[in-house]
Structure formats: structure tokens, C-alpha cells
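Welcome, and take a moment to look over the chain before reading on.

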Amino acid sequence: MKKAMVIVFLFVISIGYSQDWKTNFELVKKEAVSQKKPILLVFSGSDWCAPCIKLDKNIWQSAEFKEYAATNLVLERADFPKKKQNQLEADLKKQNEGLAEMYNKDGIFPLVVILDFNGKVLGKTSYKNVTPTEYIQLLNSFIKG
């Protein structure tokens, strides 16, 4: 019985701290406009890019960033996996390529782009070996100008 309670507790906590990364940019734009929140668009190579994996592990997965993102951002991930088993559906791959043409012409990975809710670029950054607090401060410097 105790094990079951612990499992349920951990599940509920994980839901509370899970992130809501989206993969449909049109829906993200609508959500950003309705909530008047900026968009965090990240270009990632989830299965081949070491700095992308570090950014995910050290920043995106931190409790501090999850809490911040839940109330301050709409999250969009444009992933470019290379391994055959991780390939994206054709529509999603095409959308991500279009986003890269607009916001990541130099093919930088990872690239983190902060957009206002109208789609205007407020700032760009990449992986930084800093704490989640410092990364959030950097993102806020783009948002608050």
C-alpha cells in the first residue's frame, strides 16, 4: 500500500512539473497571443547534439525553469533528430525546416529564440554552462528589453 501511495504521489508531482513543449507553431502563436506571453523557440538536435542534450538536462529539466516557463512562456521545440528511429513525421519535419529558414538560417544547434507573441525576435542565445537562475535572467533580459 505504501508503494502505491508513493508511486501515485510521484506521478502527480511529475505532472505538476512537466513541461508543455509544443510542436505546432501555428497553435503556439495563437496560445501566445491569447495569453500575451512570449514564445521560447528552441532548435534542437535531440539525438546527436551534445550541447542540446546538456541544455535540456541542465536547464529545461530543472524544477526552477519548469516553474518559470509554466507562468511566463509558451514553449516550442523544433527538433532535428538524425537517428532513423527518431525521425519526425513529414509534416512536422517540413514545419521545423520552415522555422529554421525563418529563425535559424545559420544552422546553430542549440539555438534558443525568444519571440514576442506577434512573432518578432526579441533575442537569441544558445547553450551556456550556467545555472537555471542565470539562464532565466538571460531570457528575461530579452523579454523585458
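Strands here are DSSP runs of E with at least two residues, helices are runs of H or I with at least four, and both are numbered from the N terminus. Please keep in mind that this is a predicted model, in which local features need pLDDT of at least 70 and side-chain atom pairs count only at pLDDT 80 or more, while totals for chains, interfaces and linings use all residues. Residues are numbered from 1 along each chain as its sequence is written, and side-chain values use heavy atoms, with hydrogens and water left out.

Next, follow β2, residues 39-44. With β3 (residues 74-79) it runs parallel, joined by 6 bridges, and isoleucine 39 has valine 74 as its bridge partner there. With β4 (residues 111-115), β2 pairs in the antiparallel sense over 5 bridges; here leucine 41 is partnered with valine 113. How many of the residues of β2 are buried? The count is 6 of 6, where buried means under 20% relative accessible area, with a 1.4 Å probe and protein chains only. One side carries Ile39, Leu41 and Phe43, the other Leu40, Val42 and Ser44.

What do we find in the largest nonpolar core? Such a core is a set of buried Ala, Val, Leu, Ile, Met, Phe, Trp, Tyr and Cys residues joined through side-chain atoms within 4.5 Å. It has 17 residues, of which Leu40, Trp60, Phe65, Val112 and Leu139 touch the most other members. The largest share, 4 residues, comes from α6.

Finally, look at the disulfide, a pair of cysteine sulfur atoms within 2.5 Å. Cysteine 49 is joined to cysteine 52, with S to S 2.3 Å, and both cysteines are buried. The torsion about their S-S bond is about 75°, so the disulfide is right-handed.

Notes: Buried means under 20% relative accessible area, exposed over 50%, partly exposed in between (1.4 Å probe, protein chains only). Two strands pair if DSSP finds at least two bridges between them.
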